[in-house]
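I opened this notebook to record what I looked up in the structure. The entries follow the order in which I went through it.

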Amino acid sequence: MAAATAGSGAGSGAAGSPEATGGSTGGGGWRRPHGPLQRYYGPSTAEAAEAPPDPTDINGPHFDPEVFMTKVRSECPLGQLLAREAALSREIRALDSDMQTLLYENYNKFISATDTIRKMKVDFRHMEAEMDDLAANMAAISASSARVSAALQDRHRRGAQLAGVQALLRKLQALVEVPGRLRRWAGTEPARALRCHARARAVLRHYRHLPSFRAIEDESHAIMAELAQRLRTRLRCVHCSLLLAALGSAGLGLFTPEPADHSCCLFPVFCRATPGHQGGDAGPQGTHRVRGDAAALKAVLAYVQLFTARDVAFASLPYFKGEFCVTAVREGLVVAFVRWLCHTARGFADGPAERGAPAAPPALLLLLARLCLDYENSTISYILTLTDEQFPPQDSGPAVTPGPALCAEARAAAQRLLDHYVQVQGAAVAQMLRKSVETRDWLGTVEPRNVRAVMKRVVEDITAIDVQVGQLFEEGVRRAQSSDSSRRAFSVYSSSRAPGRYAPSYTPSAPMDTHLLSNIQKLFSERIDIFSPVEFNKVSVLTGIIKISLKTLLECVRLRTLGRFGLQQVQVDGHYLQLYLWRFASDERVVQGLLDEVAASAAHRCLDPVPMEHSVVELICERG
């Protein structure tokens, strides 16, 4: 009977079943070429309706066991019958196991659903009671609030009236105090006195028909007239001229232009003429428009040139013209502006560490570095030449600041900004690498199957920085690259490329100390200066950022203890970085050297240093 059962199972196999060989042209079991497609898509509905019932089809609706057994016993050999019996037994056991699993899971789900429904009934019963209590409390609170509002409505109305009266009295008090404030500020802070009088002037003029307000207005006018006379007698600075102009524009008729003294500082004139400039500590809102300062400077020089016009009597005096052209215009305006620009731009790199201010965006640092470099290359020489042409200095006049000195200050500011940009961007990438190393369990990690996501993020950020820097700086000079830069593997992992260099790191019975071998290797390798000043080109900037990032990765790996798979993960990540970062650096040996140190440190800190095959590493990196 077992043999018969086996025979019935074998008859439905792929090689000896009658339905499998039904399409053959002979007895050898050959199938027609379109047989697999026909079995996959199945017969159409019309064909299935037209096909005659087949009692030997074990999966068909017209299956007849007796006919099937008779056919199988007559056509299949004994070995095939036994094999089919074993296959049917395995299928039966698998189906029984699946059926038991499904039954157990459905039973567990039914029990869980029953428990959940029982709990929901109990919880909803308590919730309904609590909601009723809450509704009653809310109704009581609403009634109490309505009673309190009704009781306090009259008091609220009286309070609002008193608040209005208090605000009006405060305004009247401020008007009464205007003469005292003007008298107090006229001697020390004339600009503040002018602003105070401008705010009160409209109100006093509107209510001047009242005797009290007319007295305040007359007293204020007398104080401002006295202030105008004092400024006229002390006219030594252009800033006083601007205040008198404001007094004249106020309609007081107190200002008549007079020549300014040659010892005045003209830099405030440029401060007012330049958009966004508010003194020595200009904020970021004015710095992005500083490229138009050269044009604004030309306008200011044309304005200042009025002091040297031919119709001005004192303009032809030698002691005035020499001092005015050199001390006031060239040094006090042009040179002071250039130095202010360099100082302000450099403050974005030095300021946060000294004053605790928020750090400047990296893009702003890059733009300011380009700006200072442009000033050093062309703008400074242009504005100094323009100033010397319009205000020629006297031979016997005071010494002037040479142009190369200003260019040196501008270049130093540009260098400081670019170095700070490299440090900021390098620290951002290094922070990602540091967190990725510190938050991972390198002893219990699984065998690497792909590159870690943080390494892909590092390559993306470096690519974005490359695009950003390339928009403002030239490409730079690269060292000649080797032909296999993108395929070079770490020598610490590849014994076929560098046999004997770091191979003892992975052989527990190596006769040479691995630390001694690493130190000897460092003696003959070129020293890499991580924080060296960068040059004004894209390649140098990217190289500096990559050096800071990889040095941080190296120091973080040195502080970790790794297992075998942790070492292999470092190997995969390092090879991925080598594939993409070498093209950004000025010298691929810098990237290769730092990644070799990372690999060597990981091998020294590994408890079971068994590297992954290089072909597997390449496959993972290409797939990643």
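How many helices and how many strands are there in the protein? I find 21 helices and zero strands; helices (H or I, at least four residues) and strands (E, at least two) are DSSP runs, numbered from the N terminus.

**Basis of the entries.** I note that this is a predicted model, in which local features need pLDDT of at least 70, side-chain atom pairs count only at pLDDT 80 or more, and totals for chains, interfaces and linings use all residues. Residues are numbered from 1 along each chain as its sequence is written, and side-chain values use heavy atoms, with hydrogens and water left out.

**Confidence.** I looked up pLDDT, the predictor's confidence in each residue, from 0 to 100. The mean for the protein is 74, and 69% of its residues reach 70 or more. Helix H15 (residues 403-438) has the highest confidence, at a mean of 92, and helix H11 (residues 284-287) the lowest, at 39. Over residues 1-34 the pLDDT stays under 50, and the model has 58 contacts there beyond four places in sequence; a contact means heavy atoms within 4.5 Å. Residues 485-512 are also below 50, with 68 contacts beyond near neighbours in sequence. Where pLDDT is low, the predicted coordinates should not be read in detail.

**Whole protein.** I note that 38% of the 624 residues count as buried, where buried means under 20% relative accessible area, exposed over 50%, and partly exposed in between (1.4 Å probe, protein chains only). Of the contacts with a separation of 6 or more, 77% join residues 24 or more positions apart.

**Helix H18.** I looked up H18 (residues 538-558), which has 21 residues and spans 31 Å from its first C-alpha to its last, close to the 30 Å expected at 1.5 Å a residue. The expected span is 1.5 Å times one less than the number of residues. Because 17 of its 21 residues are buried, H18 is largely enclosed by the rest of the structure. Its N-terminal end is capped by Asn537, with a side-chain oxygen 3.4 Å from the backbone nitrogen of Val539.

**Cysteines.** How many disulfides does the structure hold? I find zero, a disulfide being a pair of cysteine sulfur atoms within 2.5 Å. For Cys342, the nearest cysteine sulfur is that of Cys372, 5.2 Å away. Cys342 is buried at a relative accessible area of 7%, and Cys621 is buried at 1%.

**Pro179.** I place Pro179 in helix H6 (residues 178-186). Is Pro179 buried or exposed? Pro179 is buried, with a relative accessible area of 4%. Not counting residues up to four places away in sequence, Pro179 touches Ile216, Glu219, Ser220 and Ile223. Cys196 is 17 residues from Pro179 in sequence and 9.7 Å from Pro179 in space, C-alpha to C-alpha.

Definitions and conventions
A polar contact is a pair of N or O atoms within 3.5 Å; within protein, one must be able to donate a hydrogen and the other to accept it, and residues adjacent in sequence count only if both atoms are side-chain atoms.
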